[in-house]
Amino acid sequence: MTEKNKEIISKIKNIITNLSKVYGPPIWKPRLKPMDELIFTVLTQNTSDLNAEKAFLKLKTLGSWEEILKTSDLKIAKLIKSGGMSNIKSKRILGILQEIKKRENKLDISFLSKLNLDDARRWLTSIEGIGPKTASVLLSFSFNMPAIPVDTHIHRVSKRLNLITKKTSTEDAHYILEKLVEDKNKYSFHVLLINHGRKKCHSRNPKCEECSLKKICHYKKL
Ligand code: SF4
């Protein structure tokens, strides 16, 4: 391991300790059932969790995933309108459901918990419409696997803290950060950096003057 990487690993440990004091130590607990988590995460693409939640609840009024699979994309698009990009997302959701049904003969992905992280991620991302972020959210939130979903907040904060370079793409950041963050800290890292991005390290006008990480952040505008 390079000296640079050792430095970043130690910095990450400090960040987790520091942000845990500010926001409280995150404790993992399963959020939704695996199929629900997967489709909910698809609905969160390019919108807020709040809008996605409204769309998800409306979608679930149709009944089971089997019932939803029998529904037309137009009807689904109407129901999930609040989640944005509804015409694209309705087709994406139906495509994912069809593929899972074809592979497993049922709409159940709980078997993924028995696979290792790489195999589970490979299985998921080989389905059109499931990218590294969606796969990582599902694997982390439903199965407590050591995956780090990288959203816009984590990407931005990681760049500002020099954990990744300015040129690192969101997709590459998944693999780079997963190598740098210890397994036992991955969930905490994900939750704490999102919190920090939402509450202090905003995209525009980050609150650097009141940030607990300002001493180790080179981005700060003090
Ligand atoms: S000092 Fe500013 S840029 Fe750096 S992490 Fe804190 S809020 Fe973000």
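**Helix packing, domains and ligand shell**

Helix H9 (residues 152-160) packs against H11 at an angle of about 85°, and their axes are 8 Å apart. H9 and H11 are therefore roughly perpendicular to each other; this label covers 65 to 115 degrees, while angles under 35 degrees count as roughly parallel, over 145 as roughly antiparallel and the rest as oblique. Axes are lines fitted to C-alpha atoms, for helices over the stretch in contact, and angles run from 0 to 180 degrees between N-to-C directions. Helices (H or I, at least four residues) are DSSP runs numbered from the N terminus. On the H9 side the contact is made by His 153, Ile 154, Arg 156, Val 157 and Ser 158, and on the H11 side by His 190, Leu 193, Ile 194, His 196, Gly 197 and Arg 198. Residues are in contact if their C-beta atoms, placed from the backbone, lie within 7 Å. By class, the contact of H9 with H11 has four nonpolar, five polar and two charged residues. Here Ala, Val, Leu, Ile, Met, Phe, Trp, Tyr, Cys and Pro count as nonpolar, Asp, Glu, Lys and Arg as charged, and the others, Gly among them, as polar.

The model is predicted: local features need pLDDT of at least 70, side-chain atom pairs count only at pLDDT 80 or more, and totals for chains, interfaces and linings use all residues. Residues are numbered from 1 along each chain as its sequence is written.

H11 also meets helix H1 (residues 3-23): the two axes come within 10 Å and cross at roughly 60°. That makes H1 oblique to H11. The crossing of H1 and H11 is left-handed, meaning that the near helix is turned anticlockwise from the far one by less than a right angle, whereas clockwise gives right-handed. H1 contributes Ile 12, Ile 16, Leu 19, Ser 20 and Tyr 23, and H11 contributes Asn 185, Ser 188, Phe 189, Leu 192, Asn 195 and His 196. Six of the residues in the contact of H1 with H11 are nonpolar, five are polar and none is charged.

The domain assignment gives domain 1 (3-27 + 148-216) and domain 2 (34-143); such bounds come from an automatic or database assignment. Their C-alpha centres lie 27 Å apart. Eight residues of domain 1 are in contact with five residues of domain 2. On the domain 1 side, helix H10 (170-180) and helix H11 (183-199) each supply at least two residues.

Elsewhere, helix H2 (residues 34-44) and helix H3 (residues 49-59) pack at about 125°, with axes 8 Å apart. H2 and H3 are therefore oblique to each other, and H2 passes H3 in a right-handed crossing. Phe 40, Leu 43 and Thr 44 in H2 meet Asp 49, Ala 52, Ala 55 and Phe 56 in H3.

Finally, 14 residues surround the ligand, the closest being Cys 201, Pro 206, Cys 208, Cys 211 and Cys 217. A residue is near a molecule if its C-beta atom, placed from the backbone, lies within 6 Å of it. The shell around the ligand divides into nine nonpolar, no polar and five charged residues.

Technical notes
Two residues are in contact if their C-beta atoms, placed from the backbone, lie within 7 Å.
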